[in-house]
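Work through the exercises below with the structure open beside you. Try each task before reading its solution.

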Amino acid sequence: MTSLEKNTAAGGTAVAATPILEARNVSLSFGSVRALRDVDVTVAPGEITALVGDNGAGKSTLVRCFSGVHKPQSGEILLDGEPVSFCTPEAARGAGIETVHQNLALVEDLTVWQNLFLNRELTRFGMLDRKRMRTEAQKMVSELAVNVPEVTSRVRRLSGGQRQAVSICRAAGFSSRLVIMDEPTAALGVQETARVEQLILKLRDEGHAVLLISHNFDQVMRLSQQVWVMRAGRCVAGRRTEATTGQEIVGLITGAIPG
Amino acid sequence: MSTAATGTPAGTTALSKGPATEPPGAPGGGRNPVLARLTDVGFWADWAALVGLVALVVVFAILDPGFLSTGNITGMLSASAALVILAVAQTFVVATAGIDLSIASVTTLGIVVLGQLYVADQPLWVCFVGAVLASLLAGLVNGLLVAKAKITDFVVTLGMLSAASGLALVLSDGQPVTVTEGFFFDISLDGPVEMVSWIVVIAAVVAVLAHVVLYHTRFGTHVLATGGSPEAATATGISTARIKIAVYAIAGLLAGIAAIIIVARLGSTPPAANTSYLLNSVAAVVLGGVSLFGGRASILGPVFGALLLTVLLNGLTTLGVSQYYQPLSVGVVVVAAAFLMRFQK
């Protein structure tokens with residue numbers, strides 16, 4: 001049955017070009033815990049791909065394989081159809097895969113522009129080019145975010161939504177091609193969630209592929225073009241968003257619909 | 001001292017421009033700037049060291065007309081040189097949320113190495129290099145133990161405090177060496193301009209370089225990121241272990257330079273650690289508004305803090321207050337400053 005679903009899914013994504021990112025038969029165990037079992041997932045260019053599943057289904061583990069934190073024990077990961085193996089998060093970033101971590105990875109006492117350029121600082125004759133970084137940061141932020149925070153303000157002073165925006169801007173900048181987001185609106189209020197969603201859509205419209213982990217089914221239905229459902233370490237189903245319903249997704253997650 | 005958000009409303013960004021990450025007077029809109037600043041306790045907290053310094057100078061000048069004499073100012077500046085350098089050294093470590101309790105002992109180790117090389121008739125430059133290398137090495141060991149062996153900074157540097165003082169006693173056999181070298185008198189008594197001796201120039205150069213390193217290099221930003229959020233620093237690929245090793249090594253290096261200055265002023269190499277340098281370096285850092293939790297630092301603040309402490313001790317002495325009251329006064333000032341820091345932005 002699983003293979004049948006996979007075929008359906010493959011048929012679904014076939015309309016798009018070569019997937020920007022693909023996991024083939026990826027498995028990973030931590031001791032006796034089989035976190036991932038033969039997972040097949042594709043992310044199409046220019047689309048928002050959602051990854052859903054209950055807690056402990058293996059979403060975050062899979063995403064960490066993509067961002068270079070974990071290395072699959074078997075199976076392969078393909079970037080633009082070419083097998084890749086990321087040993088470190090740095091390598092994944094170098095290949096254009098950026099991750100917006102759940103904790104956002106921002107330094108509160110540094111300014112917005114310092115965070116945007118953290119460990120990618122622009123220098124001139126060995127000294128920081130603060131002026132250019134501020135200007136470029138302003139550009140990065142105003143191109144994407146709706147609720148533009150002042151780039152010279154410290155992150156400590158920003159609201160949750162603004163912090164999320166900064167973190168997403170950082171991931172979107174630096175010519176990244178795929179942005180992975182781990183529950184970007186989990187801690188946000190209604191209005192801020194709406195703003196971050198706008199930001200995610202804008203990211204896609206600018207040509208980034210987005211892999212979105214979310215527990216919010218309405219959000220998944222609103223934003224994504226493709227949904228992958230994970231349950232107990234397996235990818236049990238893939239659906240085009242337009243061809244499914246929130247109810248079906250819930251059924252697939254809980255196992256009420258076997259998938 | 002606490003950096004906990006004090007719940008100030010957003011929009012007062014101009015007030016956040018303390019000495020921490022932006023130089024004062026940096027561009028950034030301000031609403032009714034002068035009045036807002038003067039009535040804001042956060043502003044006073046950010047500039048506690050400078051305000052305190054000015055206040056002390058005024059008070060002592062009124063109480064004792066001789067306080068602002070050329071001779072006394074010259075003396076105070078020279079007396080502050082070593083502490084300024086040690087405060088800068090401590091700032092780098094504290095900025096990464098660490099602390100270097102061994103800084104005074106490591107300075108003493110440098111002093112003793114200098115003395116032993118001098119007794120062994122080595123040329124002066126060998127004595128200097130030897131002193132700096134010995135202190136640098138001790139700092140490097142601190143850094144490796146903190147970053148690689150993952151032992152708490154408090155324990156590592158407490159161990160080094162004891163080990164370095166012990167080593168200093170072993171090397172010197174507990175005996176000071178009298179250094180009668182003209183060069184030392186020259187740098188501690190002469191200077192480029194009136195009231196400013198060469199050792200003060202050295203301290204000023206160290207402070208300026210430290211400021212440049214902290215605010216105008218990638219390394220400085222990574223130091224603040226390591227202290228502010230190790231998780232974020234690691235996630236963006238910064239090696240926090242390397243940063244930690246580097247800051248303890250810098251602290252050791254600067255302790256070695258302070259050692260040379262102390263020998264120049266005293267004309268001898270006391271083998272026993274002067275623990276007041278440890279307390280005062282931490283005190284200067286706290287007075288300077290640097291967060292002991294890391295991530296927020298300035299160089300100017302601790303430098304003013306070091307000057308304030310020197311002025312305080314000098315002023316009490318010129319007023320004829322007993323030496324015994326000096327540690328007491330330092331303690332009161334530091335705790336008061338730490339209390340004021342609670343209102344810091």
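A crossing of two helices is called left-handed if the near helix is turned anticlockwise from the far one by less than a right angle, and right-handed if clockwise. Keep in mind that this is a predicted model.

**Exercise 1. Describe how helix 5 of chain B packs on helix 6 of chain B.**

Step 1. Locate the pair. Helix 5 of chain B spans residues 103–119, and helix 6 of chain B spans residues 124–147.

Step 2. Take the geometry. The two axes come within 8 Å and cross at roughly 150°.

Step 3. Classify the angle. Angles over 145 degrees count as roughly antiparallel. Helix 5 and helix 6 of chain B are therefore roughly antiparallel to each other.

Step 4. Assign the hand. The crossing of helix 5 and helix 6 of chain B is right-handed.

Step 5. List the contact. Helix 5 of chain B contributes residues including Val106(B), Leu109(B), Gly110(B) and Val113(B). From helix 6 of chain B come, among them, Val126(B), Gly130(B), Ala134(B) and Ala138(B).

Step 6. Sort by class. This contact of helix 5 with helix 6 of chain B has 13 nonpolar, 5 polar and no charged residues.

**Exercise 2. Find the angle and hand with which helix 5 of chain B passes helix 12 of chain B.**

Step 1. Helix 12 of chain B covers residues 240–266. Its axis and that of helix 5 of chain B come within 8 Å and cross at roughly 55°.

Step 2. Helix 5 and helix 12 of chain B are therefore oblique to each other.

Step 3. The crossing is right-handed.

Step 4. On helix 5 of chain B, the contact includes Ile103(B), Val106(B), Gly110(B) and Leu114(B). On helix 12 of chain B, it includes Ala251(B), Gly252(B), Ala255(B) and Gly256(B).

Step 5. The class count for helix 5 with helix 12 of chain B is 11 nonpolar, 4 polar and no charged residues.

**Exercise 3. Are helix 4 and helix 9 of chain B roughly parallel or roughly antiparallel?**

Step 1. Helix 4 (residues 70–95) and helix 9 (residues 198–216) of chain B pack at an angle of about 25°, with their axes 8 Å apart.

Step 2. Angles under 35 degrees count as roughly parallel. Helix 4 and helix 9 of chain B are therefore roughly parallel to each other.

Step 3. Helix 4 of chain B passes helix 9 of chain B in a left-handed crossing.

Step 4. Leu77(B), Ala81(B) and Val88(B) are among the contact residues of helix 4 of chain B. Those of helix 9 of chain B include Ile199(B), Ala203(B) and Ala210(B).

Step 5. Here the contact of helix 4 with helix 9 of chain B holds 12 nonpolar, 1 polar and no charged residues.

**Exercise 4. State the helix and strand counts and the buried share of each chain.**

Step 1. Chain A has 9 helices and 12 strands. Its radius of gyration is 18 Å, close to the 18 Å that the globule rule gives for 259 residues, so chain A is as compact as a globular protein of that length.

Step 2. Of the 259 residues of chain A, 48% count as buried.

Step 3. Chain B has 15 helices and 0 strands. Of its 345 residues, 51% count as buried.

**Exercise 5. Which elements of chain A each supply at least two residues of the side that touches chain B?**

Step 1. The contact takes 24 residues from chain A and 23 residues from chain B.

Step 2. Helix 3 (89–94) and strand 8 (127–128) of chain A each supply at least two residues of that side.

Step 3. By class, the side of chain A that touches chain B has 8 nonpolar, 8 polar and 8 charged residues.

Technical notes
Residues are numbered from 1 along each chain as its sequence is written. Chains are lettered from A and ligands numbered from 1 in the order in which they are written. This is a predicted model: local features need pLDDT of at least 70, side-chain atom pairs count only at pLDDT 80 or more; totals for chains, interfaces and linings use all residues. Two residues are in contact if their C-beta atoms, placed from the backbone, lie within 7 Å. Helices (H or I, at least four residues) and strands (E, at least two) are DSSP runs, numbered from the N terminus. Ala, Val, Leu, Ile, Met, Phe, Trp, Tyr, Cys and Pro count as nonpolar, Asp, Glu, Lys and Arg as charged, and the others, Gly among them, as polar. The radius of gyration is taken over C-alpha atoms; the globule rule is 2.2 Å times the number of residues to the power 0.38. A residue is buried if 20 or more other C-beta atoms lie within 10 Å of its own, exposed if 12 or fewer, and partly exposed in between; C-beta atoms are placed from the backbone. Axes are lines fitted to C-alpha atoms, for helices over the stretch in contact, and angles run from 0 to 180 degrees between N-to-C directions. Angles under 35 degrees count as roughly parallel, over 145 as roughly antiparallel, 65 to 115 as roughly perpendicular and the rest as oblique.
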